Amino acid sequence: MKLATWNVNSIRARADRVVAWVERSDVDVIAIQETKATDEKFPYDRFVDLGYQVAHHGISQWNGVAILSRVGIEDVQVGFEGMPSFGDPAVAEARAIGATCGGIRVWSLYVPNGRALHDPHFDYKIAWYEALRADATAWLAADPAARIALCGDFNVAPTDEDVWDMAAFVDSTHVSPAERSAFRSLIDAGFTDVVRPHTPGPGTYTYWDYQQLRFAKRQGMRIDFALCSPALAARVTSAVIDREERKGKGASDHTPVIVEFADDTVTSGAVSAAAEGPADV
DNA sequence: ATGGTCGGTGGCCGA
């Protein structure tokens with residue numbers, strides 16, 4: 001059972017490339033961020049044709065999150081309890097969608113960027129983290145055996161080795177103590193970065209800025225994660241960061257991150273040959 | 001060269 005998370009940076013500009021990646025990657029569930037599309041403009045058919053069910057939440061040309069699944073997609077939830085709003089007037093942005101896929105509670109999350117250390121967007125980012133931590137803590141408290149995956153673009157490099165050079169990040173966002181503390185609160189709440197043990201650093205990144213030839217110079221950041229609850233983390237067999245997908249014309253500035261779980265992890269919702277095939281013969 | 005690129009949009013803004 002394979003689960004991926006990927007900030008695609010526009011699903012319409014990148015539809016062919018995303019479809020091709022999904023097709024050859026053979027993933028069962030994909031959490032997508034930054035679709036940059038309203039629900040009306042999301043290319044549902046491209047993925048339905050590949051056998052996926054689609055849940056998308058987009059309300060403007062900004063943000064936008066989706067979950068694609070071929071193991072069922074139930075109890076879709078837009079946003080989480082207490083998720084902060086932003087702007088004047090304050091609006092709830094399209095940064096979180098959850099769904100249960102094959103017994104796993106999957107969240108596709110696009111954490112606010114923060115923009116600058118003293119920008120109102122930075123306070124929004126910290127508040128967003130705190131609300132997520134509070135809600136995620138409640139989910140685990142309600143069911144300590146729950147299989148939960150918090151997937152997405154967390155817009156924080158949790159450790160110094162998650163950026164190419166700390167000297168380049170003086171007075172920058174993504175590495176500040178407040179942001180790292182906010183990220184760590186999710187870890188402390190019981191969620192594990194299950195990819196890191198399989199993709200050790202330094203130099204292992206999920207994002208390279210389009211500017212300044214960052215990819216060619218191998219100057220990236222590890223900011224995309226799949227944080228799993230204890231019961232789900234225990235079932236991980238491997239994980240990879242698909243650096244190849246960052247190459248070439250028309251690439252997103254983020255790469256897909258893929259986690260593989262033990263084969264019997266899917267517990268319900270799957271429409272498979274095994275479920276449909278002959279029994280008691 | 002104190003920025004170099006993208007995407008959505010058609011006013012520059014966001015990353």
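## Basis of the model

Residues are numbered from 1 along each chain as its sequence is written, while chains are lettered from A and ligands numbered from 1 in the order in which they are written. Because the model is predicted, local features need pLDDT of at least 70 and side-chain atom pairs count only at pLDDT 80 or more, whereas totals for chains, interfaces and linings use all residues.

## Overall shape

Chain A has 281 residues and a radius of gyration of 18 Å. Along the principal axes, the C-alpha atoms fill a box of roughly 65 × 45 × 40 Å.

Chain A holds six helices and 12 strands. These are DSSP runs numbered from the N terminus: helices are H or I with at least four residues, strands are E with at least two. Buried residues make up 45% of the chain. A residue is buried with 20 or more other C-beta atoms within 10 Å of its own, exposed with 12 or fewer, and partly exposed in between; C-beta atoms are placed from the backbone. Of the contacts with a separation of 6 or more, 71% link residues 24 or more positions apart. A contact means C-beta atoms, placed from the backbone, within 7 Å.

## Strands and sheet

Six strands form an open, mixed sheet in the order S5-S6-S7-S8-S10-S9. Two strands pair if DSSP finds at least two bridges between them. The edges are S5 (74–78) and S9 (192–193), each pairing on one side only. S5 runs antiparallel to S6 (residues 96–101) over three bridges. Glu74 has Thr100 in S6 as its bridge partner.

Strand S1 (residues 2–7) is largely enclosed by the rest of the structure, because five of its six residues are buried. S1 joins S12 (residues 257–261) through four bridges, antiparallel. There, Leu3 partners Val259. S1 also joins S2 (residues 29–33) through five bridges, in parallel. Asn7 stands opposite Gln33 of S2.

## Nonpolar core

The largest nonpolar core has 78 residues. Such a core is a set of buried Ala, Val, Leu, Ile, Met, Phe, Trp, Tyr and Cys residues joined through C-beta atoms within 7 Å. Ile67, Val106, Ala149, Leu150, Ala226 and Cys228 touch the most other members. Helix H3 (residues 120–142) gives the largest share, six residues.

Leaving aside neighbours within four places in sequence, Cys228 contacts Ile148, Ala149, Phe191, Thr192, Val194, Ala233 and Val236.

## Around DNA strand B

Residues surrounding DNA strand B include Asn9, Arg12, Lys36, Arg115, Tyr210 and Gly250. A residue is near a strand if its C-beta atom, placed from the backbone, lies within 6 Å of it. This surface divides into two nonpolar, seven polar and three charged residues. Ala, Val, Leu, Ile, Met, Phe, Trp, Tyr, Cys and Pro count as nonpolar, Asp, Glu, Lys and Arg as charged, and the others, Gly among them, as polar.

## Backbone details

Lys36 lies in the loop between S2 and helix H2 (44–48). Its phi is near 50°, a positive value in a residue other than glycine. Lys36 counts as buried, with 20 C-beta neighbours inside 10 Å. Leu213 also has a positive phi, near 55°. Leu213 is in the loop between S9 and S10. Leu213 is exposed, with 10 other C-beta atoms within 10 Å.

A cis peptide bond joins Asp88 and Pro89. Pro89 sits in the loop between S5 and S6. Another cis bond joins Gly201 and Pro202. Pro202 lies in the loop between S9 and S10 (224–228).

Technical notes:
Contact = placed C-beta atoms within 7 Å. Rg over C-alpha atoms; globule rule 2.2 N^0.38 Å.
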